[in-house]
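Work through the exercises below with the model open. Try each task before reading its solution.

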Amino acid sequence: MTGENAMKREVLIVGGGPGGRVSYMMLRNMGFDDAALVVNEEPTVICSLPYSIGRNLIPEGPEKVVVDLSKPDKLPPDTMKDVILGEVTRIDMESHRALVEGKSGRREIVFEKLILAPGALPWIPPVKGVLGDGGSEGTWVWYGKERVRRSRLASNIYSLRGAQDARSLDSFAEKAGKAVVVGTGAIGLEIVEALVERGLAVTVLEALPHVTSALDSDIAAHLEQRLVERGVTVGKGAVLAEVTSEGVTLENGTSIEADGIIFATGVRPNAELAREAGIRVERGIVVDETMRTSHPDVFAVGDAAQITDGPTGTPVLPLIGTLAMRQALVAVSQILGRPMTMAPATPWGVSKTLGLHWASVGWTEEAAAAIDLAVMGLTLPYNTHEPYMAQNRQGLWKLVTATGKDAARGIVPGQIVGFQAVMEGKSPLFLAERFLDVITRRETVMDLAGHYFIHSPAHNDVNDPYLQILFMAQKLFAGN
Ligand SMILES: Cc1cc2nc3c(=O)[nH]c(=O)nc-3n(C[C@H](O)[C@H](O)[C@H](O)COP(=O)(O)OP(=O)(O)OC[C@H]3O[C@@H](n4cnc5c(N)ncnc54)[C@H](O)[C@@H]3O)c2cc1C
């Protein structure tokens, strides 16, 4: 890269998702003007995309969640002046230059500091029939190990990540009668809910033996029951063999008719650009608690970044929007010389499936077994009101607790590494937040003695769940 007319900016930010956008807005809000943001698609409030398709919560549809940076509430009126539409296709860390390519041509940007926020790309399993003969338009998706442009996908294949995806899925919901959703994570189930709200007959397929790997099978069973009660066909242990214009065929020979197939089969960090620039990438771009990468002038935030899990010290990809925003704040604080660091984190998710609320923080029993971490589950009923009240709905919360010492990971007996909840008529968000703190601070079940429980009859049951867990903990772990 040697362009003579290169644009110069002290800080260059790559990616217009929550990580990149918050980095740029923070810098501008702090009066720092010498920054440019490269965006390759219209930014959206990405977490609300499924609700924009369901229409119950967002009757206006997907356009309501597109973030118009030219109409900012609290930003300088010239906000758009350094927002560049295009894709950064190369970074040279020796000369601190980035090449941006877009419809208006190629341009080089010379920078001093770089914030990488390229996010993650939907991952679609390499199944026969998924690729069509389209061209090379649109943003990227992973098709197995290959990165392909959206237009390479067959016309009846959908995923949900950006504005264009939401628009396509929305017009599919308008005209289609039957859909297959592949994947039962939070996003898959939010799409199922949206399509049910739009009146489609939905089959949801999961390769695992139960829905939602963020929950253990005992808790996930409640979600599955809800799906079935609401008319959704649930296929477990379902491995796709082929996709056609008629629907899907599974490896066991079953065929399911569908007008479209929506893949919610997870995402993979979009870390190729960083890797090619010589920045250390493992599962994602490796960062420290200041969000600095292996290069001192480069920060990475959001879904592309791999962090160290608070409770276990294991490298994890949290893939959480609000974490991306917090990481952006930390990266910017470092650049502006007012340094903040990230508090320890662990993956979490809170969602609602056809009226049933659920939450997962940290490690399930099943995920812990996969890393040879010895744990046990402690499950308790949770009441939304006093049990004798007509409004009461019972839920469950479950703690996943280490049973022994794990010196290599610094884990002690009784340490809480995971929390799950399923609740009717009430969000478990407040419990998930409390246990997020407990888990990332490496507290044990005995440490719950340091946490108070507030009772109010219209809000919960007087039976203090923390006391109950402490009774259990006394029996199991006291003296350890
Ligand atoms: C349907 C859905 C629902 C979700 N719900 C929630 C939720 O309820 N709560 C929550 O906390 N999280 C949620 N998430 C996760 C959350 O959206 C992500 O964690 C978050 O978007 C990550 O932000 P990011 O900035 O790292 O990446 P992204 O949002 O992926 O943004 C990255 C952007 O950079 C662009 N880009 C990539 N490479 C380049 C390049 N070389 N040049 C220019 N641009 C580039 C990408 O195209 C993309 O537009 C949800 C995600 C989805 C898809």
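**Exercise 1.** Is V248 buried or exposed, judged by the other C-beta atoms within 10 Å?

Solution. Start with the ground rules. This is a predicted model, where local features need pLDDT of at least 70 and side-chain atom pairs count only at pLDDT 80 or more, while totals for chains, interfaces and linings use all residues. Residues are numbered from 1 along each chain as its sequence is written.

Step 1: apply the cut-offs. A residue is buried if 20 or more other C-beta atoms lie within 10 Å of its own, exposed if 12 or fewer, and partly exposed in between, with C-beta atoms placed from the backbone.
Step 2: take the count. V248 has 23 other C-beta atoms within 10 Å, so V248 is buried.
Step 3: V248 sits in strand β15 (residues 247-250). Strands (E, at least two residues) and helices (H or I, at least four) are DSSP runs, numbered from the N terminus.
Step 4: list the partners. Contact means C-beta atoms, placed from the backbone, within 7 Å. Beyond neighbours within four places in sequence, V248 contacts V180, L240, V243, I256, A258 and I261.

**Exercise 2.** Which residues of α3 are buried, and what do they pack against?

Solution. 
Step 1: check the length. The expected span of a helix is 1.5 Å times one less than its number of residues. Helix α3 (residues 163-175) has 13 residues and should span 18 Å; its end C-alpha atoms are 19 Å apart, which agrees.
Step 2: pick out the buried residues. In α3 these are D165, A166, L169 and A173. They cover an arc of only 95° around the axis, so they are on the same side of α3. The arc is that of the directions from the helix axis to the C-beta atoms.
Step 3: recall the helix geometry. An α-helix has 3.6 residues a turn, so residues three or four places apart point the same way.
Step 4: look at the other face. Turned away from the buried side of α3 are the exposed residues E174 and K175.
Step 5: name the packing partners. The buried residues of α3 pack against α2, β10 (157-158), α4 (186-197) and β17 (260-263).

**Exercise 3.** Which residues of α9 are buried?

Solution. 
Step 1: helix α9 (residues 429-440) has 12 residues and reaches 16 Å from its first C-alpha to its last, close to the 16 Å expected.
Step 2: the buried residues of α9 are L431, A432, F435, L436, V438 and I439. They cover an arc of only 165° around the axis, which puts them on the same side of α9.
Step 3: their packing partners are β23 (348-353), β24 (356-362), β26 and β27 (416-424).
Step 4: after α9 comes R442, with a positive phi near 55°.

**Exercise 4.** Where are R55 and H96 found?

Solution. 
Step 1: R55 is in the loop between α2 and β3 (83-85). Its phi is positive, near 75°, and R55 is not a glycine. R55 has 16 other C-beta atoms within 10 Å, so R55 is partly exposed.
Step 2: H96 is in the loop between β4 and β5 (97-102). H96 is not a glycine either, yet its phi is positive, about 55°. H96 has 18 C-beta neighbours inside 10 Å, so H96 counts as partly exposed.

**Exercise 5.** How many residues surround the ligand?

Solution. 
Step 1: a residue is near a molecule if its C-beta atom, placed from the backbone, lies within 6 Å of it. The ligand is surrounded by 36 residues, and the closest are G15, G17, G19, G119 and G302.
Step 2: trace the shell to its elements. α1 (18-29), β2 (35-39), α2 (49-54), β4 (87-92) and α7 (321-335) each supply at least two residues.
Step 3: Domain 1 (7-40 + 86-119 + 270-335) and domain 2 (121-266) each give at least three residues. Domain bounds come from an automatic or database domain assignment.

Key. Contact = placed C-beta atoms within 7 Å.
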